Amino acid sequence: MATQPSSANAKPTVDPATSGLEGIVVARTALSDVNGQLGRLTIRGYDIEELAGRASFEEVAYLLWHGALPREAELWQLQQRLMGYRELPEEARGAIQAAARRMEPMDALRFAVASLTADDPNPADESREANLARAERLLARVPVIVATYHRLRRQQPLVLPRPELGLAANFLYQLSGEEPSPARVKGLNTYLVTVSDHGMNASTFTARVIASTASDMVSAITGAIGALKGPLHGGAPGPALDMIEAIGTPERAEAWMRAELAKGKRLMGFGHRVYKVRDPRAEVLYRAAAALADETGERQALELAHEVERVGVQVLAEAKPGRNLNTNVEFYTALLLRELGLPRDLFSPTFAVGRTAGWTAHVLEQQATGRLIRPQSEYIGPYGLTYVPLEQR
Ligand code: ACO
């Protein structure tokens, strides 16, 4: 067997078998920065704590797309356009109807989003204006798809969007049929802003790779949803909540967590590939959950979670010294989304609602500045084999 080295062998910069591209810079971006040592998330120059709880999701989407927060008239115009885009094309309505019968929420979302090219007024138009309109249509429609799917699968009558409601309020309204309280709307805005963008995560990278081939924005977001679905990315927001529920009362926390670690299990909602200190999003989401706790009757659950966090960090520091395992975004996400009345299997689709802002901004950035993303692989198979006809094998 010949042992000719492949071209990719010439300059290996990482061990592809183990690295998962860890630490490799694959794009330049002005959108967001994740500093894992300082526990700092910057969105277009703003610390996440500066935006979350203050800016609406629409404001942050505008910030991501345009590089500056909108003025009042600009925000109003954006909101008018987003309202106009809430009506889904018939292809998407048909896809949701079919999906509601027997598809899981993330599969349903991917299936319906894929059909959103149907009413693109001019698919050949690759101008920034046309792509910005596509970004706006996606941002407006992803929540409508999730809510429509949810109502249909529960065989509940559909709730028409209300033009005077912003994106977060209308999402909650179309899901439940009830107008949400201002506190709940603020809670959801805080969540959506907090997850709107996060550096070169797997789904964002997927979107950029697709955009880099000069494919269309809907394809890029469809692919990103597929990447987000996986439990190593956005597909496991429920397990931290399962753990808190299993612990049940604060005094059980230490023994429960020690027993899990002794069995070789991981504590859910702790640890992060990039953050070596507490994920800044955990604090933001904790505060949002705390602000809602009295209205939603979740004060006790939140106090339990806080105690589980305190004990968990201690127990992990003992069990895994030097690993710097702290709370991640998932820990308080689930509590906050439960407070907002969302069922557990809609946590990941709601993550997609928020991340659509970042994904579409990355596609716009890739279209403006990027080059075809085409890495190489290190071939580890044989060379020069001889074809054996089928009947002789
Ligand atoms: N509980 C117990 N031990 C842990 C945990 C945890 N939550 N997280 C990491 N460790 C330990 C590992 O066992 C390993 O120890 P070892 O070398 O002695 O075997 C060490 O810390 C390093 O772990 P890795 O898996 O190499 O770290 P990685 O950066 O790949 O993992 C991850 C990050 C996947 C988030 C991990 O911390 C984990 O599994 N956490 C629990 C699941 C979770 O909370 N997921 C949501 C993540 S948030 C997000 O991605 C959106």
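How many helices and strands make up the secondary structure of the protein?

1. The model under discussion is predicted. Its secondary structure consists of 16 helices and three strands. The radius of gyration of the protein is 23 Å, close to the 21 Å that the globule rule gives for 393 residues, so the protein is as compact as a globular protein of that length.

2. On overall dimensions, the C-alpha trace of the protein spans about 70 × 60 × 50 Å along its principal axes.

3. On burial and surface, 48% of the 393 residues of the protein count as buried. The protein exposes about 19,500 Å², and carbon and sulfur atoms supply 52% of that area.

4. On contacts, those between residues at least 6 apart in sequence may be considered as a set: 76% of them join residues at least 24 apart.

5. On charge, the protein carries 44 positive and 46 negative side chains. The centres of these two sets lie 4 Å apart.

6. R141 is placed in helix α6, which covers residues 128-153. Is R141 buried or exposed? Its relative accessible area is 3%, and the cut-off for a buried residue is under 20%, so R141 counts as buried.

7. Which residues does R141 touch, when those up to four places away in sequence are not counted? The contacts of R141 are Y85, E87, L88, P89, L116 and D119.

Conventions: Residues numbered from 1 in each chain as written. Predicted model: local features only at pLDDT ≥ 70, side-chain atom pairs only at ≥ 80, totals over all residues. Heavy atoms only, no water. Helix = DSSP H or I, 4+ residues; strand = E, 2+ residues; numbered from the N terminus. Rg over C-alpha atoms; globule rule 2.2 N^0.38 Å. Buried < 20%, exposed > 50% of the residue type's maximum accessible area, 1.4 Å probe, protein only. Contact = heavy atoms within 4.5 Å. Areas by Shrake-Rupley, 256 points an atom, 1.4 Å probe, with all protein chains shown as cover. Lys, Arg positive; Asp, Glu negative; His and termini not counted. Charge placed at Lys NZ, Arg CZ, Asp CG, Glu CD.
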